[in-house]
Amino acid sequence: MLTGRCRLRLSRPLCVVALLTTAVAPAAALEPPDASRPPVRLAEARCPVTGEPVVAEHHTRLRGRRVYCATAAACDAFQRDPYAYQDGLLKQWEVLRPVRVQLLCPVTGKPVRRDVFLARHWDELYFASDEAREAWRKHPDRYRDGLARAWSFQTTCGTCEALPRADVSVQVASGPVYFCCPGCRAAFEGDRAAFLKDVTREKQANQQAWERAHGPRAPTSKPTP
Ligand SMILES: [Zn+2]
């Protein structure tokens, strides 16, 4: 059951309205993902259903995000009624909070669709269309540059806790700020300075965490203008 989506309690409101398509702004250039690495704090994550440590092979999804469980049966229980396990889920997502998110398709450079992806061992790689996913399957090496440009250190919407989208953004002096929907973008304009401060803090903290885990970005990386 995926009704009552707003029942997850979050420190900022969670907007789930995602409507209009607008101009695409580039995501920050990052190194290609190292899909062979597990999430940094996976050993600390607990199953939302049983409360036990998670087992990497057992995972499901909610709202375009991976959810780890302790057993296959726990994953099934979670899928039947995810909102019965919201407290455990939010704890797990806090422990496994990503330090970057993929916003752009590595093949087309367009905003990703969260329902078009390839599951890899430790994450999902998203695409803008089924055709793009097929192109990647056949020749992944052709899209290394696109992959490097696909990620952003802004991991939540500019005004709420939802995942940001590349096709809903505002350009500020430091680059694009992304939102989950046009309503959140409008809210940002209402108190730009305060929201921008939060976004900047989040991006800096995420970049520092990334560099602690993976080393500084290679000098050959060209930031996206
Ligand atoms: Zn939002």
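An α-helix has 3.6 residues a turn, so residues three or four places apart point the same way.

## The model and its confidence

This is a predicted model, in which local features need pLDDT of at least 70 and side-chain atom pairs count only at pLDDT 80 or more, while totals for chains, interfaces and linings use all residues. Residues are numbered from 1 along each chain as its sequence is written.

The pLDDT, which is the predictor's confidence in each residue from 0 to 100, averages 82 over the chain, and 79% of the residues score at least 70. Over residues 16-33 the pLDDT stays under 50, and the model has 57 contacts beyond four places in sequence for them; a contact means that the C-beta atoms of two residues, placed from the backbone, lie within 7 Å.

## The chain as a whole

The chain has 6 helices and 8 strands, which are DSSP runs numbered from the N terminus, with at least four residues of H or I for a helix and at least two of E for a strand. Along the sequence they follow the pattern β-β-α-α-β-β-β-α-α-β-β-β-α-α.

## Two nonpolar cores

A nonpolar core is a set of buried Ala, Val, Leu, Ile, Met, Phe, Trp, Tyr and Cys residues joined through C-beta atoms within 7 Å. The largest has 31 residues, of which Cys105, Phe127, Phe179 and Cys180 touch the most other members. A second, separate core of 13 residues includes Val54, Val67, Ala74 and Leu89.

## Strands 4 and 5

Strand 4 (residues 113-119) and strand 5 run antiparallel and are joined by 4 bridges, where pairing requires that DSSP finds at least two bridges between the strands. A hairpin of 4 residues connects strand 4 to strand 5, and Ala119 has Glu124 of strand 5 as its bridge partner.

Terms used. Buried ≥ 20, exposed ≤ 12 C-beta atoms within 10 Å, placed from the backbone.
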